[in-house]
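User: I have a model open and want to learn how to read its features. Can you take me through them one at a time?

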Amino acid sequence: MNIQNAQQQVDDWIKNHGVRYFNELTNMAQLTEEVGEVARIIARRYGEQSEKESDKNKDLGEELADVMFVVLCLANQTGINLQDAFEKKLDIKTKRDHDRHHNNEKLK
């Protein structure tokens, strides 16, 4: 599945199950909430914080998918073709960062 297809799937889901998109501010708040859930899992599972018993069954993949869903919603409702934007950004990062990362002593 490419990003364009994912955007279409989210749009179809919203039309068939979600009634309508939440407004952009609500989705931004929801995105922040979902990123927080990802951060909680990462901090406890891979960081130095201990994992609470109630967090041990949390699915990181599911939480990352929640983030992706809301990002796709925001792209759809603001008219962004995320496939094009991602490809453009990857090109920019490739040109800008290749030598910088290879020459970074901290990464060796």
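User: What radius of gyration does the protein have, and what would a compact globule of 108 residues have?

Analyst: The radius of gyration is taken over C-alpha atoms, and the globule rule is 2.2 Å times the number of residues to the power 0.38. For 108 residues that rule gives a value near 13 Å, but this protein has 17 Å. Its C-alpha atoms fill a box of roughly 50 × 45 × 25 Å along the principal axes. The model is predicted: local features need pLDDT of at least 70, side-chain atom pairs count only at pLDDT 80 or more, and totals for chains, interfaces and linings use all residues. Residues are numbered from 1 along each chain as its sequence is written, and side-chain values use heavy atoms, with hydrogens and water left out.

User: How many helices and strands does the protein have?

Analyst: Helices (H or I, at least four residues) and strands (E, at least two) are DSSP runs, numbered from the N terminus. Here there are 4 helices and 0 strands. Along the sequence the pattern reads α-α-α-α.

User: Which residues does the UniProt domain feature cover?

Analyst: UniProt positions are given in the numbering used here, feature names are shortened, and annotations may be inferred rather than shown by experiment. The unreviewed UniProt entry places "domain: NTP pyrophosphohydrolase MazG-like" at residues 23-99. That stretch is 75% helix and 0% strand, with its end C-alpha atoms 41 Å apart.

User: At what angle do helix α1 and helix α4 pack?

Analyst: Two packed helices are described by the angle between their axes and the distance between the axes. Axes are lines fitted to C-alpha atoms, for helices over the stretch in contact, and angles run from 0 to 180 degrees between N-to-C directions. Helix α1 (residues 3-18) and helix α4 (residues 82-102) pack at about 150 degrees, their axes 7 Å apart. Contact means heavy atoms within 4.5 Å. Ile3, Gln4 and Gln7 of α1 make it with Leu82, Gln83 and Phe86 of α4. By class, the contact has 3 nonpolar, 3 polar and no charged residues. Ala, Val, Leu, Ile, Met, Phe, Trp, Tyr, Cys and Pro count as nonpolar, Asp, Glu, Lys and Arg as charged, and the others, Gly among them, as polar.

User: How much of the protein counts as buried?

Analyst: Buried means under 20% relative accessible area, exposed over 50%, partly exposed in between (1.4 Å probe, protein chains only). Of the 108 residues, 22% count as buried. Phe86, in helix α4, is partly exposed at 46%.

User: How many salt bridges does the structure hold?

Analyst: Side chains of opposite charge can pair when their charged atoms come close. A salt bridge is a side-chain nitrogen of Lys or Arg within 4 Å of a carboxyl oxygen of Asp or Glu. The structure holds 10. One of them joins Arg44 and Asp55, with the closest N and O atoms 3.6 Å apart. This pair links distant parts of the chain: Arg44 lies in helix α2 (residues 24-45), and Asp55, 11 residues away, in the loop between α2 and α3 (60-77). Arg44 is buried at 16%, and Asp55 is buried at 6%.

User: Buried or exposed: what are Lys108 and Glu105?

Analyst: Lys108 is exposed at 65%, and Glu105 is exposed at 58%. They form a salt bridge, with the closest N and O atoms 3.7 Å apart.

User: Which residues are linked in a network of salt bridges?

Analyst: Lys93, Arg96, Asp97 and Arg100 are linked that way. Asp97 is buried at 4%, whereas Arg96 is partly exposed at 47%.
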